[in-house]
Amino acid sequence: MVQQYSLTLPAYSRGFHLISHHVAQALDKLPDTGMINIFLHHTSAALLINENADPSVRIDLDSSYDHLVPERMPFYTHTMEGDDDMPAHVKSALTGVSLTVPIQSGRMALGTWQGIFLAEFRDRGGRRRLTLTVYGE
Amino acid sequence: MVQQYSLTLPAYSRGFHLISHHVAQALDKLPDTGMINIFLHHTSAALLINENADPSVRIDLDSSYDHLVPERMPFYTHTMEGDDDMPAHVKSALTGVSLTVPIQSGRMALGTWQGIFLAEFRDRGGRRRLTLTVYGE
Amino acid sequence: MVQQYSLTLPAYSRGFHLISHHVAQALDKLPDTGMINIFLHHTSAALLINENADPSVRIDLDSSYDHLVPERMPFYTHTMEGDDDMPAHVKSALTGVSLTVPIQSGRMALGTWQGIFLAEFRDRGGRRRLTLTVYGE
């Protein structure tokens, strides 16, 4: 059995945003056992799983990514869409846009401290579109 | 229903290469709804999804990865296979070798600006081998 | 057909550890063709596929990650759980906690030089818990 859902997120500011609740709300009844793939249809943002409790982790993830992939590097040639654009593509490449999570007892089997995050790497990325694909029985 | 395909890519030079068309050509008729996993059987290259339109993005991805993981770092001990080898393993670890993409209406549901890339991190990586696994109904 | 397994690893020291054999031992008979998702329920460690033969690669992966995401960066605000904690979250975000591997002829179709690794980013991370989800026919 395959189920598929579309999800359009609210527009987020640049940074790391917990979206587990948006994903859960977009889903109907899940199969008892299986997996869900969460796919982001964009190339300047990313999906990841990280610590869901302390907001300071999200702030430091953001600072760490900015430190790792700075704006205005002298070797950038793709500069027409703003200083935040090329670093956003690099951060997205490093992090990924597709997550697969197991389903157990009819729910996403995330660890106690795990949340699903959208990393918005653009200053004004707008509303981001996801496809959720569920397989199970 | 599961379908599985082997795909051997042409040998690419070091850098980021759009391979969406190679993947699409390797597939028979896809199920209407489902997902496809694209898996690379190597440890010094990677698979990623990024912007498919402007070739300057690929050039800057390459420069950014070289800046992030330089050759000849004093702490490298795995140096027998050439200066490009150990950085290639690190870049592959950061980027990943397995991509899952949703299938919608019988085709891979990539975003408008999304393409599938092989990141070839070796100077002469040769022909890289992929397995494509499709599930759907 | 979906099968799901729990796997709790032994406690590992900080570093990169080959766990392919632990994963293989946790599985019953696999389907002939399909895929397996390997999911780590933690946010300060990661799963990856990399070179399984030469232990010097693992040592250099560890040094490279430490170089890329250093401890005690002045901008860290999440510092209560020790110097190793915030870098562990960043490294986990960059590497990922979910791997999907194809199944061919009843076994995981890893490349000759590919092994599955747990990257333990904490000094004392303890025993890490995985869920393995198999789909195939």
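What covers the buried residues of α2(C)? In this predicted model, the cover includes α3 of chain B together with β2 (13–18), β4 (45–51) and α3 (85–95) of chain C. The buried residues in question are C:V57, C:R58, C:D60, C:L61, C:S64 and C:Y65. Viewed down the axis of α2(C), they fall within an arc of 165°, so they line one face of the helix. The helix itself runs over residues 55–68 of chain C, 14 residues in total, and spans 20 Å from its first C-alpha to its last. That is close to the 20 Å expected at 1.5 Å a residue.

Where chain B meets chain C, 27 residues come from chain B and 32 residues from chain C. On the chain B side, β1 (2–8), β3, α3, β5 and β8 each give two or more residues. The largest share, six residues, belongs to α3(B). By class, this side of chain B has 13 nonpolar and 14 polar residues, and no charged ones.

Chain B also touches chain A, and this contact takes 32 residues from chain B and 27 residues from chain A. Here the elements of chain B that supply at least two residues each are β3 (34–40), β4 (45–51), α2 (55–68), α3 (85–95), β5 (98–104) and β8 (129–136). Of these, α2(B) gives the most, with nine residues. The side of chain B that touches chain A holds 14 nonpolar, 14 polar and four charged residues.

How is chain B placed relative to chain A? A rotation of 120°, with 0.0 Å of shift along its axis, superposes chain B on chain A at an RMSD of 0.0 Å. That is the relation of a three-fold axis. The two copies use different surfaces in their contact, since 16% of the contact residues of chain B recur in chain A. Among the residues of chain B, B:L94 comes closest to the rotation axis, its C-alpha lying at 3.4 Å.

The largest one has 114 residues, and the members that touch the most others are A:I38, A:L47, B:I38, B:L47, C:I38 and C:L47. In chain C, and leaving aside neighbours within four places in sequence, C:I38 is in contact with C:V23, C:L47, C:L99, C:V101, C:I116, C:L130 and C:L132. One of these partners, C:L47, is itself among the core members with the most contacts to other members.

Definitions and conventions:
Residues are numbered from 1 along each chain as its sequence is written. Chains are lettered from A and ligands numbered from 1 in the order in which they are written. This is a predicted model: local features need pLDDT of at least 70, side-chain atom pairs count only at pLDDT 80 or more; totals for chains, interfaces and linings use all residues. Two residues are in contact if their C-beta atoms, placed from the backbone, lie within 7 Å. Helices (H or I, at least four residues) and strands (E, at least two) are DSSP runs, numbered from the N terminus. Ala, Val, Leu, Ile, Met, Phe, Trp, Tyr, Cys and Pro count as nonpolar, Asp, Glu, Lys and Arg as charged, and the others, Gly among them, as polar. Copies are superposed by least squares on the C-alpha atoms of residues with pLDDT of at least 70 in both. The expected span of a helix is 1.5 Å times one less than its number of residues. A residue is buried if 20 or more other C-beta atoms lie within 10 Å of its own, exposed if 12 or fewer, and partly exposed in between; C-beta atoms are placed from the backbone. The arc is that of the directions from the helix axis to the C-beta atoms. A nonpolar core is a set of buried Ala, Val, Leu, Ile, Met, Phe, Trp, Tyr and Cys residues joined through C-beta atoms within 7 Å.
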